[in-house]
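Biologist: I have this one open beside me and would like to go through it slowly. Could we start with how you decide what is covered, and then move on to the chains?

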Amino acid sequence: MRLYEFEAKRVLAKHRIPVAPQKLANTAAEAEAAATELGGPVTLRAQVLSPKLLKAGSVESAATPAEAAKKAAKLLDLDDGGRKPKGVLVLKKVDAGADYSLAVTYDGTRKLPVMIAATVPGNVEDIADQHPGKVARRHFSALLPFSDYTAKELVSSLGIKGAELTRLTGVVSRLARLFLDYDLTQANIPSLARLADGSFAARDCYMDMEVEGRARQGAILAELGIADDDTRAVREPTAFETAGKKIDDDDPRGIVGPVVEFDGNIGLVIGAGGGSLTLTDAVIKAGGRPANYAAIGGNPSVGKAVALTKLVLSKPGVEKIAVMSNVVSNTRADLVARGVIKAIVEMGFEPKDKIAIFRVPGAWEADAVKILKKYGVDYCDRTVSISEAAKRAVEKIGA
Amino acid sequence: MGVLIHKDFEFIIQGITGREAVNFTRECLEYGSKVVGGVTPGKGGRDVYGVPVYDTVREITAQRKVDGAIITVPLAFAPDAAFEAIDAGIKLIVIITEGIPRRDASQIVEYANIHGARVIGPNCLGLIIPDVCRFGSLGGPAVDCRKAFKPGVVGVMSRSGGMTTEICNALSGAGLGESTAISIGGDPVIGSTYTDLMPLFEADEDTKAVVIYSEPGGSTEAELAQWSVDNKSRLPIVAFVAGRFMDEMPGMSFGHAGTIVEKKLDSPADKIRRMRDAGISVADEIGDIPKLVKERIGA
Amino acid sequence: MAMFIRVDVDQAIVAKTEGLAAKLVEVCPVKIFAPGSNNGVQVVEANVDECTLCDLCMRASPDGVKVVKLYEH
């Protein structure tokens, strides 16, 4: 879950990592006032979440307060995945004696958190590709209490000495600690400026909090004013997606989700996790256009399968659904069959008219076959591959 | 042979009285696995299909050898259950529980490393040597499990539990079968990655090739590609990368917790390129996997 | 109405056995049974299609409870 830059910087400041002079503006007039107060040329950064915008199009420069107002107005009008930006950060351009970058993240190879520092600003990954000599890494323990010496070793390995070594060690240590404390998956300062007096100030920052860690991060989330239903998705959820999430929340048995809306015509009720990724690829490869992504797994209840089927079939433009899965282990083919058929009958349709294909081999398939036979629905067994099943679905429903 | 488990492998199930655990306890017993105990705090003294239930792991390890533990407890108790198993001296731990934050997963794995234990998962279904031992919930009821998994020559490692069964079903259908199939887990931090497990398959004389299933997110495929270049493995590797449609949707999360394209390394396109450059065959469809394996082993 | 499963309960047998009603309520993982009047059980119609065919109710009372798969008829 991405924090906005202004939120990430509040977290830094709370943990005594200084932030370069800046003001958050919610209107063009506020941006103008902020630029006047900060003095001199400023950078304006729209507070957005969309990866596309973060890559390009959300940053402007302004030489005067009037220009800041004009540019802020433009930035505040950006479309951030169905949302407006959450303000514009107006940043004073500060002179830096040196500019570093810091990052803390998890390394899946070593299964440990890792601190990364570079003697140039930017994205540490890109720097590592282009100037491997300017980057240093140091793994640390998430199990043992954090020791500052590990940060010192990192800084020292970049050849930094004297007072700068001790000051930078402090910044890195604090960043690593807050990374662990707040269940972050990334805590990045792509530009850490060394000011004339030798102190450091973060000019840019971004943080991701792990969704799975959110439940125990109530205190900091409340402090930042982030509501429980603020999911920080890259785009705002559609009504269809919100309804899908509600189905999952209402019944803890099994998993339906994530439910994602696409603009195609093939309704998908498909096996969760890897199976749904593979099936969605297969449908697209066969020339089909999925109406949605709606993974179902973890042995869902019949009721959950009913609710999902009804949701998918009630989407405008969806005439038929494809019910497909990998060979299932814990999810039961018979319970899925019961769920989709029950939903269709309750909606007043014939199951055989609405189910283009049913390919859920595996656990309890013998019972599933009996149920499907009774309702005249075609059933594919495990000898029909995922690709073949997807092809048949596309042929039956039409691209 | 096969890796990690064997016909006399004896294990316990932590969280044995849960809805799903009850199911797969029965399935493991019917498959012939040696489930020697279960743990659910507060429910000691009961039994699940004849398997005695205890309040603590040590009550079991104090009286008998235990080779492995399966953890399938609710999320909030999962790290604690793992520490309990590790402290009780159990050396192979499968964590089925889904949704464990990275910090906790990292702590569990580090603690296991200190104590010489190995973790498979979290967010996995365990492993199986067909017709020898099933340690986890792969394959469902024994009758369905036997259809999908057959003894054979391919070592399988998969980030998706469900796709472990799908791929093995394809390999079994083509007459290749599996030496050992391991659902390694779908999370960003897991106890055993492809490269951690490759040396075990390398040392297993039953294994003639390795098949991996991978997804967007994480660096474990890049790591495997590098490993293949650095180690002149006797085993050809065939890979399948799911979620190619996600290349167009950066930042969106699908499937497992670790399945997200945030960085260049995360993208299916980058993974496929790195693996192909390293001499790993990448299948375009699941159905192509058996053919590629046969080509590579000359069968 | 349940479409796939029917649960037949012989209330006389259930009522006769001390604690059987409570046992049926406890063993069913999908809450098909609720305590009924006169020491019997009530079948919760809304949950019947959730039946996982675990047989635990029939093991608890081989004579008193029968689970019927409607799709086999």
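Modeller: Let me begin with the cut-off: a residue is called buried if 20 or more other C-beta atoms lie within 10 Å of its own, exposed if 12 or fewer do, and partly exposed in between. Please also keep in mind throughout that this is a predicted model.

Biologist: Fine, then which class does Leu53(C) fall into, and why?

Modeller: Leu53(C) has 14 other C-beta atoms within 10 Å, and it is therefore partly exposed. Leu53(C) sits in the loop between E3 and helix H3 (56–60) of chain C, and its phi is positive, about 60°, although the residue is not a glycine.

Biologist: And Asn38(C), where is that one found?

Modeller: Asn38(C) belongs to the loop between strand E2 (33–35) and strand E3 (41–43) of chain C. The phi of Asn38(C) is near 55°, which is again a positive value in a residue other than glycine.

Biologist: Does Asn38(C) count as buried or exposed?

Modeller: Asn38(C) counts as exposed, because it has 9 C-beta neighbours inside 10 Å.

Biologist: Let's switch to chain A. How many helices and strands does it have?

Modeller: Chain A holds 15 helices and 14 strands, and its C-alpha trace spans about 80 × 50 × 40 Å along the principal axes. Of the 399 residues in chain A, 51% are buried, and among its contacts between residues at least 6 apart in sequence, 70% join residues at least 24 apart.

Biologist: Where is the confidence in chain A lowest, and where is it highest?

Modeller: The lowest confidence in chain A is in strand E10 (residues 255–261), at a mean of 86, while the highest is in helix H1 (residues 5–14), at 98. Over the whole of chain A the average pLDDT is 94, and 100% of the residues score at least 70.

Biologist: I keep looking at strand E11 of chain A; how many of its residues are buried?

Modeller: In strand E11 (residues 267–271) of chain A, 5 of the 5 residues are buried, so the strand is mostly covered by the cut-off of 20 or more C-beta atoms within 10 Å.

Biologist: What does E11(A) pair with?

Modeller: E11(A) runs parallel to strand E13 (residues 321–324) of chain A, joined to it by 4 bridges, and in that pairing Gly267(A) stands opposite Ile321(A). E11(A) also pairs with E12(A), in the parallel sense over 2 bridges, and there Ile270(A) stands opposite Ala295(A).

Biologist: Now the contact between chains A and B: how many residues does each side give?

Modeller: Chain A contributes 48 residues to the contact and chain B contributes 54 residues. On the side of chain A, the elements giving two or more residues are strand E6 (112–118), helix H10 (274–285), strand E12 (292–297) and helix H15 (386–397). The largest share of that side comes from H10(A), with 8 residues, and by class the side of chain A that touches chain B has 19 nonpolar, 21 polar and 8 charged residues.

Biologist: What about chain B itself, what is its overall build?

Modeller: Chain B has 10 helices and 14 strands, and its C-alpha trace spans about 55 × 40 × 30 Å along its principal axes. A compact globule of 299 residues would have a radius of gyration near 19 Å, and the 18 Å of chain B agrees with that. Buried residues make up 61% of the 299 residues in chain B.

Biologist: Which residues does Asp55(B) touch, apart from its sequence neighbours?

Modeller: Leaving aside neighbours within four places in sequence, Asp55(B) is in contact with Pro41(B), Gly42(B) and Gly44(B). Asp55(B) lies in the loop between strand E4 (51–54) and helix H2 (58–61) of chain B, and it is partly exposed, because 13 other C-beta atoms lie within 10 Å.

Biologist: Last one: where is the cis peptide bond in chain B?

Modeller: The cis peptide bond joins Gly121(B) and Pro122(B), with omega about 10°, and Pro122(B) is in the loop between strand E7 (118–120) and strand E8 (126–129) of chain B.

Conventions. Residues are numbered from 1 along each chain as its sequence is written. Chains are lettered from A and ligands numbered from 1 in the order in which they are written. This is a predicted model: local features need pLDDT of at least 70, side-chain atom pairs count only at pLDDT 80 or more; totals for chains, interfaces and linings use all residues. Two residues are in contact if their C-beta atoms, placed from the backbone, lie within 7 Å. Ala, Val, Leu, Ile, Met, Phe, Trp, Tyr, Cys and Pro count as nonpolar, Asp, Glu, Lys and Arg as charged, and the others, Gly among them, as polar. The radius of gyration is taken over C-alpha atoms; the globule rule is 2.2 Å times the number of residues to the power 0.38. Two strands pair if DSSP finds at least two bridges between them. pLDDT is the predictor's confidence in each residue, from 0 to 100.
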